[in-house]
Amino acid sequence: MNRPVFRTSLACALLLALSLASHAGADTLQPDPAKAARGKALAEANCAECHAIDLQGASAHRVAPPFWMMSERVPVDAIAEMLLTKATPRHSDMPHFEMSADQAEALAAWIAWVQPVAHGRRFLEQTCAGCHAIDASGESPHLGAPPLREVYRLYPIDALEEGFSEGIVTGHPDMPVIHMTPVQVSDVIAYLASIRPR
Ligand code: HEC
Ligand code: HEC
């Protein structure tokens, strides 16, 4: 299947592919929100009929991997380049899109955005980082709030899952009772697992 939804000149695409490759890595965990939003719009229009493109869910096409699981198979850095160079699987139903480097970069940013570890960290940053340290090192801004890496170390996963979904009640006046969705719970746990000391 060949469906040139996106159009651009090859020279321009190659140039931008090079510049993409040179700064890939640094911003892959937390991509630029504006770029990710553009990528989401492109994905809705071009990819959603086959791929699950959001933070959760199964793909409409039986063998199209959900975007939120993609980095388990392909490093997100490589996805923009793959989309540009059309190194996407040729033997399958995955169409070859003619897209600009900017569009490929935006799509890759969106794919990075929906990865569990990145989403989990973003959630903690927005909801908990005002009081708790959320990274592999560093003190909590609120003296009474334990760094979340400690919480992860001390409690069994089951207890964390239950606490996060049902709301943690500590009896401390400053700790709000927070309820998380199942996707937020599993993504936060994926993030905390990723910063666990080895
Ligand atoms: C008509 C269905 C269809 C559409 C539309 C489609 N894909 Fe796919 N895509 C697939 C299938 C099927 C595979 C799996 C191919 C395989 O493994 O053989 C795939 C694989 C991929 C892969 C490789 C992932 C991996 O883990 O190997 C990437 C990246 C990808 N698609 C991105 C996209 C993007 C971005 C869009 C939209 C611009 C898109 N696809 C649109 C069907 C589609
Ligand atoms: C306004 C400050 C504040 C915010 C925001 C906050 N916490 Fe807390 N949290 C605390 C304080 C203070 C404690 C210590 C309570 C105690 O010792 O009884 C605590 C305790 C906890 C504990 C219990 C640790 C233990 O050993 O029992 C967990 C788990 C926890 N917080 C998770 C979170 C998560 C996850 C978020 C974000 C979704 C969050 N907290 C947001 C202040 C906060």
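This text walks through the structure above, from its overall make-up to its ligands.

The model is predicted: local features need pLDDT of at least 70, side-chain atom pairs count only at pLDDT 80 or more, and totals for chains, interfaces and linings use all residues. Residues are numbered from 1 along each chain as its sequence is written, while chains are lettered from A and ligands numbered from 1 in the order in which they are written.

Start with the overall make-up. The protein has 8 helices and 0 strands. Helices (H or I, at least four residues) and strands (E, at least two) are DSSP runs, numbered from the N terminus. Along the sequence the pattern reads α-α-α-α-α-α-α-α.

How far can the model be trusted? The predictor's confidence in each residue is its pLDDT, from 0 to 100. The protein has a mean pLDDT of 83, and 83% of its residues reach 70 or more. Confidence is highest in H2, at 96, and lowest in helix H1 (residues 10–23), at a mean of 38. Over residues 7–27, pLDDT stays under 50. Where pLDDT is low, the predicted coordinates should not be read in detail.

Next comes the interior. Of the 198 residues of the protein, 26% count as buried. A residue is buried if 20 or more other C-beta atoms lie within 10 Å of its own, exposed if 12 or fewer, and partly exposed in between, with C-beta atoms placed from the backbone. Two residues are in contact if their C-beta atoms, placed from the backbone, lie within 7 Å. Among contacts with a separation of 6 or more, 63% join residues 24 or more positions apart.

A nonpolar core is a set of buried Ala, Val, Leu, Ile, Met, Phe, Trp, Tyr and Cys residues joined through C-beta atoms within 7 Å. The largest nonpolar core has 27 residues, and Leu 83, Ala 104, Leu 107, Ala 108, Trp 110 and Ile 111 have the most contacts inside it. H2, H3 and helix H4 (101–113) each give two or more residues to this core. H4 gives the most, with 10 residues. Leaving aside neighbours within four places in sequence, Ile 111 touches Phe 67, Met 70, Val 76 and Ile 79 in the contact sense. A second, separate core of 9 residues includes Phe 123, Leu 148, Val 185 and Tyr 191.

Look at H3 on its own. Which of its residues are buried? They are Val 76, Ile 79, Ala 80, Leu 83 and Leu 84. These residues lie on the same side of H3, because they cover an arc of only 130 degrees around the axis. That arc is taken from the directions from the helix axis to the C-beta atoms. An α-helix has 3.6 residues a turn, so residues three or four places apart point the same way. Just after H3, Lys 86 takes a positive phi of about 55 degrees.

Now turn to the ligands. A residue is near a ligand if its C-beta atom, placed from the backbone, lies within 6 Å of it. Around ligand 1 there are 24 residues, with Cys 47, Cys 50, Arg 73, Ser 92 and Met 94 coming nearest. H3 supplies the largest share of this shell, 3 residues. Around ligand 2 there are 19 residues, and Cys 128, Cys 131, Ala 145, His 172 and Met 175 come nearest.

Asp 135 lies between helix H5 (116–127) and helix H6 (148–154). Asp 135 counts as partly exposed because it has 14 C-beta neighbours inside 10 Å.
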